[in-house]
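Here is a short note on pockets and the ligand. Please read it beside the model.

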Amino acid sequence: MIYEQILSKRSRDKKQIALLIDPDKTEQQSLEGLLRSVNRTPPDLIFVGGSLISANIDNTVKAVKDNTDIPVLLFPGSSIQISRFADGILFLSLLSGRNPEFLISHHVSSAPLLKLSGMEVISTGYILIDGGKVSSVEYMSNTKPIPGEKTDLAVATAIAGEMMGMKMLYLEAGSGALNSVPASMIYGVKTQTTVPLIVGGGLNSVKKIETACNAGADIVVVGNAFEKDPGSFGNFVNTVRDINDQ
Ligand code: 1GP
């Protein structure tokens, strides 16, 4: 079970890194070659998804499964982004928003199919933070992000998510964010909750990844930086490994 692995690594103080593959932004033909390089410095997890996807998600997940042993979790922007070929799914509820579609509706639509698939379902409280520009999540979900300086709101939202039974929390600044989630906010959420904390959005440098990990992220997510420069991703994985070796 992937969740057990996440908990196990966390209990040993091991930070984790996930590579986000957006099927629309990664050419199917080049994926095989990209994954060969990813396998040389493998992340702990691969997430597949995006706010809006027009490509066939099955093809991307199958290509990833065929070319790597890294566990694959769906990171869906909506209920149509489900592939039975994935190992599991982050069952995201957009807790920072007040749009019922993204709090519970897509979940009801997809729950029977997910149950049939037998894949691992990991309930995840998804909390959108202002990343300095309008993100695809904000636009597509028609919800407001929490302002970056409102740590108290993020913490209260995170605590509520844990109280509601979410197995993980995800602080999201939005793909390609100008400002990643502030360290003080990561620290605030980390110290007030006990479930694994995922942080993503705009983590495009070694320094930002170090900052997020040191502030309390258990899992950091990198998408955009890999799309722009796949060769740099190995450095990010090594950064997390170095933190773990300290
Ligand atoms: C976005 O958290 C992820 O949903 C990753 O963000 O693409 O900016 O790395 P980036």
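Where does the ligand sit?

1. The ligand sits in the largest pocket. To sit there, more than half of its atoms must lie within 2 Å of the pocket's grid points. This is a predicted model: local features need pLDDT of at least 70, side-chain atom pairs count only at pLDDT 80 or more, and totals for chains, interfaces and linings use all residues. Residues are numbered from 1 along each chain as its sequence is written, and side-chain values use heavy atoms, without hydrogens and water.

2. The largest pocket holds about 720 Å³ of space. A pocket here is an open set of points on a 1 Å grid over the protein atoms alone, where a 1.4 Å probe fits, with protein on both sides within 12 Å along at least five of seven lines; lining residues have an atom within 4 Å of a point. Lining it are 49 residues, and Gly-50, Ser-51, Phe-75, Tyr-126 and Val-137 are the closest to its centre.

3. Strand E4 gives the largest share of that lining, six residues. Strands are DSSP runs of E, at least two residues, numbered from the N terminus.

4. For Gly-176, a backbone N or O atom lies 2.6 Å away from one. The distance is 2.8 Å for a polar backbone atom of Gly-223, and 3.1 Å for one of Gly-201.

5. The second largest pocket has about 150 Å³ of space. Its lining includes Arg-98, Lys-144 and Pro-145.

Key: Grid points are joined across faces, edges and corners, and a volume is the space filled by probe spheres set on the points. Helices (H or I, at least four residues) and strands (E, at least two) are DSSP runs, numbered from the N terminus. A polar contact is a pair of N or O atoms within 3.5 Å; within protein, one must be able to donate a hydrogen and the other to accept it, and residues adjacent in sequence count only if both atoms are side-chain atoms.
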